[in-house]
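Here are a few friendly notes to read alongside the model.

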Amino acid sequence: MNDDTSKQSASVGNRRRFLIGSALGGALPLIAREAAAAPAIGASAAPPSSAVVPLTLRINGASRQVAVDPRTTLLDTLREHLDLTGAKKGCDHGQCGACTVLVDGRRELSCLTLAVSLAGREVTTIEGVGGPDGALHPMQQAFIEHDAFQCGYCTPGQIMSAIGCVREGQAGNPEAIRESMSGNLCRCAAYPNIVAAIVQAAPRMET
């Protein structure tokens with residue numbers, strides 16, 4: 001290899017090293033900034049903070065004070081803040097009816113309802129349907145007499161929905177009852193007994 005060829009090779013090598021060094025020099029500060037901003041491996045990003053708000057709710061005829069995140073559902077407020085665990089968390093997507101309560105006398109899925117939206121409204125849970133002396137509500141009694149539950153997990157929601165069904169005027173016949181109660185699922189398939197219980201309880205609720 002002659003001297004000219006050696007000089008050209010050296011020049012090319014020098015240019016390559018210069019370009020690579022320049023590229024790395026510009027990229028390293030960016031990489032360092034991204035590494036500093038990224039969370040450590042295994043660490044989860046902290047959720048955005050949200051202020052806790054004081055809230056007064058009318059639950060089963062009494063005023064109850066709670067302080068909750070404004071994103072808290074009525075179901076979680078009842079269960080985790082007010083120790084009212086009758087409403088059950090089933091699907092948590094509004095598809096099973098286990099969390100049904102009454103709001104101003106009408107059925108609501110508490111897992112889809114924000115607690116902060118209920119200020120000034122009357123919420124009734126399964127704990128509040130009986131008489132002041134502990135007497136069972138006619139619907140509760142009818143569920144017992146017709147054996148309208150087995151495992152019992154869905155029963156509070158079924159009873160609350162059944163009371164709503166009657167109050168909303170949708171219990172005129174078994175077909176109407178089945179349609180009205182179709183949003184409440186029972187894994188034990190006690191549906192015929194549930195319909196029979198509502199048929200029995202409806203006139204008792206009207207007296």
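The points below go from the sheet to the helices and then to the cores.

1. A word on the basis. This is a predicted model, in which local features need pLDDT of at least 70 and side-chain atom pairs count only at pLDDT 80 or more, while totals for chains, interfaces and linings use all residues. Residues are numbered from 1 along each chain as its sequence is written, and side-chain values use heavy atoms, with hydrogens and water left out.

2. Five strands form an open sheet in the order 2-1-5-3-4, with mixed pairing; strands are DSSP runs of E, at least two residues, and helices runs of H or I, at least four, numbered from the N terminus. Two strands pair if DSSP finds at least two bridges between them. Strand 2 (62–68) and strand 4 (106–109) are at the edges with a single partner strand each, so one side of each has no neighbour in the sheet. From one strand to the next, the twist averages 45°.

3. The pairing of strands 1 and 2. Strand 1 (residues 53–59) pairs with strand 2 in the antiparallel sense over seven bridges. Serine 63, in strand 2, is the bridge partner of arginine 58.

4. Helices on the sheet. Helix 2 (residues 74–81) lies across strand 1, strand 2, strand 3 (100–103) and strand 5, at about 100° to strand 2. Helix 4 lies across strands 3, 4 and 5, at about 40° to strand 3. Axes are lines fitted to C-alpha atoms, for helices over the stretch in contact, and angles run from 0 to 180 degrees between N-to-C directions.

5. Threonine 125. This residue is in the loop between strand 5 (122–124) and helix 3 (138–145). Threonine 125 counts as buried because its relative accessibility is 1% (buried means under 20% relative accessible area, with a 1.4 Å probe and protein chains only). Beyond neighbours within four places in sequence, its contacts (heavy atoms within 4.5 Å) are Ile59, Asn60, Leu78, Val101 and Met160.

6. Helix 3. Met139, Gln140, Ala142 and Phe143 are buried here. Down the helix axis, the buried residues of helix 3 fall within an arc of 165°, so they line one face (the arc is that of directions from the axis to the C-beta atoms). Their cover includes helix 4 (155–167) and helix 6 (191–206).

7. The cores. In the largest nonpolar core, of 24 residues, Met139, Phe143, Met181, Ile194 and Ile198 touch the most other members. A nonpolar core is a set of buried Ala, Val, Leu, Ile, Met, Phe, Trp, Tyr and Cys residues joined through side-chain atoms within 4.5 Å. Helix 3, helix 4 and helix 6 are the elements giving two or more residues to this core. Apart from it lies another core of 18 residues, including Val66, Val68, Leu75 and Leu78.

Key:
Buried < 20%, exposed > 50% of the residue type's maximum accessible area, 1.4 Å probe, protein only.
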